Structure formats: structure tokens, C-alpha cells
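Work through the following exercises with the sequence and the model open beside you. Try each task before you read its solution.

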Amino acid sequence: MALTIKICGLRTPETLDVAIESGADQVGFVFFPPSPRSLGLEAARLLGARAQGRAQKVALTVDASNDAIAAIVAALKPDMLQLHGNETPERVAVVRSRFGLPVMKALPIATRADLSPIREFDKVADRLLFDARAPQDATRPGGLGKTFDWTLLAGLKTGVPYMLSGGLDAGNVAEALRITRAPGVDVSSGVERAPGEKDPDRIRAFIRAARAADAALDEKVSAKVGP
Ligand SMILES: O=C(O)c1ccccc1NCC(=O)[C@H](O)[C@H](O)COP(=O)(O)O
């Protein structure tokens, strides 16, 4: 399976280069001031130019206005918009048509009931991202380094591709893929040495572990299917 790997919350040219050179398919940039990973527009412009044509750029916002998204799009020139707040399916459709970019909608997951919005969102979004539901007192809706019960996604069929997210790292991504067979994985905290401080070695280790797990699962499937 062609696994899509996203490294999110990148903030420096050095770690951006490590993610891209290690084989990340997507590089995510956060635009949410309470986050330790949040970027300003000038940094977005510089990092966006550095990543141009080397990986898919994903701009992450939380319940942002059209004007705010327009400024981010002008600076970063993203390939995809990730909406990580309480955006409704109608809002997703408006953003998608207004900016002419694919939209990935993040859905918070804690229990099986949290899967029910999928049927509405996969009609309007291009991709879904399943993240651990943030605790009530959290200062942000994502990037918290917390996992959820991956068995909730076992055998899940969605109308659009999805990414598994939330508390992943090089040590657990193989198990997460074995349980879910997710077509994409996304990580932020698990490749950091401190909140907002990406660690090159952890980035490399995560991508290596995810690629190896994906290859092993492919081998298992083809062994079952036979020549
Ligand atoms: O990363 C953040 O700081 C953040 C802030 C506000 C909304 C979303 C945020 N991150 C979204 C992501 O796509 C993260 O990669 C995802 O939540 C997984 O994070 P982690 O559990 O730290 O790997």
C-alpha cells in the first residue's frame, strides 16, 4: 500500500529538510497561536518556498476565518488545507470551493460514537484525519501526543483516504498500522525533543519505522494472495 506519511508542526528549515529528505510525503505547518508550533506569515513564506515541489505542504488551521486562511494561502502556497477545529461539513465545502484546494478534515476520536460524523464529512472533504480527542481542559485540539483506541478503526471503510494521528512515534507506528491498515500516518509530538522542537533523529526513525511496517504488511498480504 502506498502509505502517506505526514510530519506536522515543522518550524525550521533544518528540520523541514530532514523530513523531506527522509521521505515524508506531506509537511504540515500549524497556524494556531496557542500552539508551540504555530508559525507567522513570514516564516510560512520562507518555509513554503523551501518546501515547494519537494513535498506536499499542508496548512493547519482551527476554526479560522476566510481572511485568515487567505493570508496563509498567499504566504505558504499550500497543497492542502487541514481544518482541525469544529468546522461543520458546510464550512468544509465552503473552504474547499473558495480556495480551490483539497481539504483534510480532522475528526476527534475517543469512542465508537465519534466515527458517526464520517458519513457527513467524507462527502465534502478530500481526506480525513483521525486524531485523539483532546481533553476538555486542553489549550489546543491537537498535537497533544495522545493515542486513542486504534481498534476503533479496524476494518473501517471511508469514502475518502484517511490519516491516523495522535500519539504516534517510531515505537508504536508499526502496531498502529497492523491494527488499522491506515493509508496514512501523521505525527508531531512523537518526533520532538520538546514541545515545538522537532528532533531530526526522531523524524528519521519515525519515517523509517512507518515505511518498514508498510512494506511488511504488503508482503504479508501478497504472501496470502500468492503468485
Ligand atoms: O500540532 C499542534 O500544535 C496543533 C495545534 C492545534 C490543532 C492541531 C494541531 N496539530 C494537528 C496535527 O495534525 C498533529 O500532527 C496531530 O494532532 C497529532 O499530534 P501528536 O499527537 O502530537 O503527534
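**Exercise 1. Find the salt bridge that K105 forms, and describe where its two residues lie.**

Step 1. K105 forms a salt bridge with E87, and the closest N and O atoms are 3.2 Å apart; a salt bridge here is a side-chain nitrogen of Lys or Arg within 4 Å of a carboxyl oxygen of Asp or Glu.

Step 2. K105 lies in strand 5 and E87 in the loop between strand 4 (80–83) and helix 4 (89–99), so the pair ties together parts that are 18 residues apart in sequence. Helices (H or I, at least four residues) and strands (E, at least two) are DSSP runs, numbered from the N terminus.

Step 3. Both K105 and E87 are buried, where buried means under 20% relative accessible area, exposed over 50%, and partly exposed in between, with a 1.4 Å probe and protein chains only.

Before going on, note that this is a predicted model, in which local features need pLDDT of at least 70 and side-chain atom pairs count only at pLDDT 80 or more, while totals for chains, interfaces and linings use all residues. Residues are numbered from 1 along each chain as its sequence is written, and side-chain values use heavy atoms, with hydrogens and water left out.

**Exercise 2. Examine the salt bridge between E21 and R54, and say how exposed each residue is.**

Step 1. A search of the whole structure finds 17 salt bridges. In the one between E21 and R54, the closest N and O atoms are 3.6 Å apart.

Step 2. E21 lies in helix 1 (residues 13–21), whereas R54 lies in the loop between helix 2 (41–51) and strand 3 (56–61), so this pair ties together parts that are 33 residues apart in sequence.

Step 3. E21 counts as exposed because its relative accessibility is 60%, and R54 is partly exposed because its relative accessible area is 34%.

Step 4. D17, E21, R50 and R54 are linked in a network of salt bridges.

**Exercise 3. Decide how strand 6 is placed among its neighbours, and whether it is enclosed or open.**

Step 1. Strand 5 (residues 103–109) and strand 6 pair in the parallel sense over six bridges; two strands pair if DSSP finds at least two bridges between them. Along this pairing, the bridge partner of P108 is D131 in strand 6.

Step 2. Strand 6 also pairs with strand 7 (residues 162–165), in the parallel sense and over three bridges, and here the bridge partner of L129 is M163 in strand 7.

Step 3. Six of the six residues of strand 6 (residues 127–132) are buried, so this strand is largely enclosed by the rest of the structure.

**Exercise 4. Describe the largest pocket and its lining.**

Step 1. The largest pocket holds about 310 Å³ of space. A pocket is found on a 1 Å grid over the protein atoms alone, as an open set of points where a 1.4 Å probe fits, with protein on both sides within 12 Å along at least five of seven lines, and lining residues have an atom within 4 Å of a point.

Step 2. Of the 16 residues that line the largest pocket, N86, P108, R133, A134 and P141 are the closest to its centre.

Step 3. Strand 5 and strand 6 each supply at least two residues of this lining, and the largest share, three residues, comes from strand 5.

Technical notes: Points joined across faces, edges and corners; volume = space filled by probe spheres on them.
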